[in-house]
Amino acid sequence: MNYILNKIKLYKKILENLTYLAVLQVFNLFLPLISYPYLLSTIGTEKYGLIIYSSVIISYFIILINFGFNISATKNISIYRNDKNKISEIVSSTLLIKGLILLLSFFILMPLLIFITDFNDYFLLYIITYIACLYEAFFPFWYFQGIEEMKYITYINVITRGVFTILIFILVNSPEDYIIVPTLNAFGYLIACLISLYIVFIKNKVNFFLPKKNVLKFYFKESAPFFISRASAVVINRTNTVLIGVFYGYSEVSYYDLAYKLVELCKIPSNIINQTIYPKVALSKNMNFVVKVIKYNLVLSFIICVTLYFWIDNLILYFLKEEMLNAKNIIYVLSLTVVLSGISYFFGNTMLVVNDRVREFNMSVIYQGLLFILLILPGFILNYDILLYASIVVVTSFFEVIYRYYYIKKYNII
């Protein structure tokens, strides 16, 4: 009887966190799409593309600040969730390290803004956009995920970002108002950080202290391999946008960004299922459970891709300007990564990482990044079209799945 009650309690908790993560993931990707038509008609594709371009440049600093803690710190919090002193050590060390990297990142950014003309012309835009790095440094997503209390993350983000998105419709009225968009986002990020830190340190009574050097060094070294893999992932996911901005222009950035956002939206079910079961699998190491989840998730991913394929024309024409149909073929190509990512997520952290095959997990992304660079380099001479850039993302995603599966079988994980 106790076994059955524990099982019910386990699945109830998983379902609860799954629901909150679903709401959060959908909200984070769907929210920009709500304001998308309004911004395109108000500030134009050129200015909107410029905003996207600046956020992509800043995303490189965001991944540096994250430094892989969303994996390593989540795992540690999950394991030591009942040890208050250990939790305080993990939280204090993580926030301090990320804060120091935030400061370092700013000193790297400033010379770029001063000496590179394309950046210097929009100095204020990049500085305001950089505030997103504060959110990355001090919003403890990894803490809430580790203790499996995703409701806090969801409430905070939905309320703050929802309010500031509404303000976009009120305050942005002409192309000259484009700077208001990242400014409102910045305020949303700052308020979300303050509320989350209040919950961690005041409500949950986690103690902040200055850890010893050897403790900081330990957590830094533990997270470093994940940073390398995450950095490779950003190279793959966002470098295309940068290259399109350089070779084609900011309007084309808008088309590619629309395709990227819609495809990322389609990946949400796989992502939230993976994030929800990760803390449990980190403790139980139940691979049979993971295999079952992968099978169901594959069916779901395929249904999503087919639906997107048949409805994309109507979706774009109904919600956006006709010129955004330029993104349709890009969406068709990138949609293949929905299925591939639906496999790769689970092969990665819920199989390789929880079975202490961190090196293989990281190397899969690193080699994927190197393959991406190898395939993208000829584009500087051959002048690739946008569809070829998208195709390279699909090829490297397939490589990552094969690489991870090889080591899963090699070490008899399944």
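**Salt bridges, a helix pair and a nonpolar patch**

Across the whole structure, a search finds seven salt bridges, each defined as a side-chain nitrogen of Lys or Arg within 4 Å of a carboxyl oxygen of Asp or Glu. The model is a predicted one, in which local features need pLDDT of at least 70 and side-chain atom pairs count only at pLDDT 80 or more, while totals for chains, interfaces and linings use all residues. Residues are numbered from 1 along each chain as its sequence is written, and side-chain values use heavy atoms, with hydrogens and water left out.

Helices here are DSSP runs (H or I, at least four residues), numbered from the N terminus.

Turning to helix packing, H2 (residues 44–66) and H12 (residues 250–266) pack at about 65°, their axes 7 Å apart; axes are lines fitted to C-alpha atoms over the stretch in contact, and angles run from 0 to 180 degrees between N-to-C directions. Residues of H2 including Tyr-48, Leu-50 and Tyr-53 meet residues of H12, among them Val-253 and Asp-257, where contact means heavy atoms within 4.5 Å.

Finally, Phe-247, found in helix H11, belongs to a nonpolar surface patch of about 990 Å² that also includes Tyr-367 and Phe-380. Patch residues have over 30% relative accessible area and no salt bridge, with nonpolar side chains (Val, Leu, Ile, Met, Phe, Trp, Tyr) joined within 5 Å; accessible areas come from the Shrake-Rupley method with a 1.4 Å probe.

Terms used:
Helix = DSSP H or I, 4+ residues; strand = E, 2+ residues; numbered from the N terminus. Patch = residues over 30% accessible without salt bridge, like charges linked within 9 Å, V, L, I, M, F, W, Y side chains within 5 Å.
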